[in-house]
Amino acid sequence: MSDVAIRVSGLQKTYQGRAAVDGLDLTVRRGEVFSLLGPNGAGKSTTVEILEGYRSRDGGDVAVLGHDPAEATAEWKARIGIVLQRVDDLAQSSELTVREWVSSVAAYFPDPMRPDDAIELVGLADKRDARSSSLSGGQRRRLDVALGIIGRPELLFLDEPTTGFDPEARRQFWGLIESLADAGTTILLTTHYLDEAERLADRVAVINAGRIIEVGAPATLGGRATAAATVRWIGADGPHELTTDEPTRTVLELAARFGGGEVPELVVERPSLEDVYLRMIGGPE
Amino acid sequence: MTAELIGAATPARATDYRPPSLLSVYRVRAMVELKTFVREREAVVFTFAFPVLLLVIFGAVFGRQDVDGGVKFAQVFVAGMIAAGLFASSFQNLGIAIPIERDSGALKRLAGTPMPPSAYFVGKIALVAVVAAVQQVLLLAVGVLFYGLDLPDDGSRWLTYLWVGVLGISACTMFGIAATAFVKNGRSAPAVISPIAIVLQFISGVFFVFAVLPQWMQTVAAFFPLKWMTQGMRSVFLPDDYQSQEPAGSWEHARIALVLGLWLVGGLLVAVRTFRWRNKADG
């Protein structure tokens with residue numbers, strides 16, 4: 001078994017003469033949580049849907065779990081799990097209960113989890129007999145995930161899974177994703193939330209205009225770890241700000257200047273993932 | 001616990017793929033369709049009440065009249081409504097339901113699983129079969145109880161009823177699935193599908209006695225399955241003397257089977273080639 005889950009090289013996709021994906025290269029290792037970041041229209045969803053087998057491509061080589069998704073077989077589909085970005089079938093006139101949904105999808109897979117276990121795992125045990133149309137948005141999303149993992153996938157696609165969640169629901173959801181990752185599931189996560197990528201992803205790729213700009217661990221992306229830090233404090237004459245490569249030395253000097261006491265409103269800041277990301281995609285700093 | 005449940009990383013997973021049996025997936029899909037249908041109360045009421053309501057209204061207006069050939073109008077009309085009911089529960093039902101499911105992403109979700117595509121259609125066919133069967137019983141009961149409908153009294157007529165019914169809904173099921181390729185989205189589906197159904201009902205001898213329709217209308221109707229289904233049902237419910245009123249002077253059983261069979265095969269070919277699991281807006 002290869003240690004690469006997804007390998008993409010030179011991926012091309014054109015819509016009406018406009019390149020949505022333009023020579024994209026990507027490697028996702030087995031067992032890693034890999035996040036795709038990028039503005040709307042950058043080519044994220046197109047790329048993911050090509051990997052999921054939903055869309056055809058115009059060029060390039062793609063191997064997902066060793067197979068070309070353009071020639072998807074049932075056997076291959078049984079090894080992946082898909083949580084789509086926008087589906088309304090759980091909300092729109094769906095009169096099936098949570099349990100009926102999960103059991104019915106389980107029946108399509110050769111070696112599924114027990115439906116009750118999947119429901120338990122996504123925290124819907126007390127909603128087991130509720131109709132999916134009666135669930136809240138966050139609960140429906142968790143049902144989406146239950147349906148995505150019911151087949152015990154080796155690779156799970158999560159396309160903007162927490163859009164519209166409140167902060168608490170998002171934290172709970174992160175816990176779920178972390179337990180899936182701990183269990184060895186390879187996860188490809190697309191998200192708009194940089195804190196989400198930072199918390200969950202082993203590596204992130206920033207995609208813009210159909211190409212990958214940079215790939216790295218969230219902590220080191222865009223030279224974050226070694227970038228100059230900003231030190232801020234309030235002096236006798238008002239707020240101060242200093243950009244430095246040696247923040248520790250600055251803090252020590254400040255401490256001495258304030259007689260070893262507290263430096264008022266002291267802050268040491270490295271560029272956040274958001275700062276780095278916005279700079280990469282050419283947005284406002 | 002999670003690791004054991006999910007077990008994704010276990011490299012020792014079976015190397016030879018053993019999919020769930022086709023039959024078990026078919027059964028699950030049939031249950032999904034039936035449960036969903038039964039729990040949508042408005043849809044249930046509409047599907048079953050509408051043809052019965054039409055039968056009551058037309059029966060109240062024309063019920064006491066006879067048509068040419070000394071036959072009770074009720075006999076002609078019930079035959080027509082039975083065919084129309086079969087058409088509605090197959091063609092109209094699927095032609096509208098499938099684009100809505102395509103819009104909601106239900107079909108896209110299914111396409112992302114290892115479910116064999118045929119299972120989706122088997123589920124729909126099971127739904128159509130059950131709906132049609134219940135509807136037939138209702139229509140026959142209302143016809144007998146309120147309009148003095150005479151049920152066929154020999155086995156060969158019931159046999160005709162069965163094969164015309166089964167072949168008819170099979171053809172119209174394929175016609176309905178094939179038609180969804182030409183429907184843009186769920187919102188426009190009723191606007192495309194319903195007029196086809198209504199026009200066909202008027203020109204195929206459901207509401208009016210087929211023999212009195214203008215020639216050109218009869219000719220147009222003959223291209224579509226509903227005309228042949230109503231004719232088949234007349235051969236079940238009307239005396240053989242009435243054959244003289246039919247365009248060909250006979251029930252034309254062989255031609256009914258031929259036309260419906262062609263629609264079945266043609267619809268299947270178009271459906272297989274054109275069926276989409278995502279709507280056009282989704283690329």
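In chain A of this predicted model, strand 5 (residues 80-83) runs parallel to strand 6 (residues 155-159), to which 4 bridges join it; helices (H or I, at least four residues) and strands (E, at least two) are DSSP runs numbered from the N terminus, and two strands pair if DSSP finds at least two bridges between them. Residues are numbered from 1 along each chain as its sequence is written, while chains are lettered from A and ligands numbered from 1 in the order in which they are written. Because the model is predicted, local features need pLDDT of at least 70 and side-chain atom pairs count only at pLDDT 80 or more, whereas totals for chains, interfaces and linings use all residues.

Within this pairing, Gly81(A) has Leu156(A) of strand 6 as its bridge partner. In a regular strand the side chains alternate between the two faces of the sheet. In strand 5 of chain A, Ile80(A) and Ile82(A) point one way and Gly81(A) and Val83(A) the other, all of them buried (20 or more other C-beta atoms within 10 Å of the residue's own, the C-beta atoms being placed from the backbone).

| Domain of chain A | Residues |
|---|---|
| Domain 1 | 30-38 + 73-217 |
| Domain 2 | 223-279 |

Taken over C-alpha atoms, the centres of these two domains of chain A are separated by 39 Å.

Leaving aside neighbours within four places in sequence, Ala146(A) is in contact (C-beta atoms, placed from the backbone, within 7 Å) with Val102(A), Ala118(A), Ile119(A), Val122(A) and Leu124(A).

Between the chains, 32 residues of chain B are in contact with 39 residues of chain A. Helix 2 of chain B gives the most to the side of chain B that touches chain A, with 7 residues.

Ala107(A), in the loop between helix 3 (98-106) and helix 4 (115-121) of chain A, is buried, with 21 other C-beta atoms within 10 Å. With neighbours within four places in sequence left aside, Ala107(A) is in contact with Pro20(B), Ser24(B), Val25(B) and Val28(B).

Methods
Domains from an automatic or database assignment. Contact = placed C-beta atoms within 7 Å. Buried ≥ 20, exposed ≤ 12 C-beta atoms within 10 Å, placed from the backbone.
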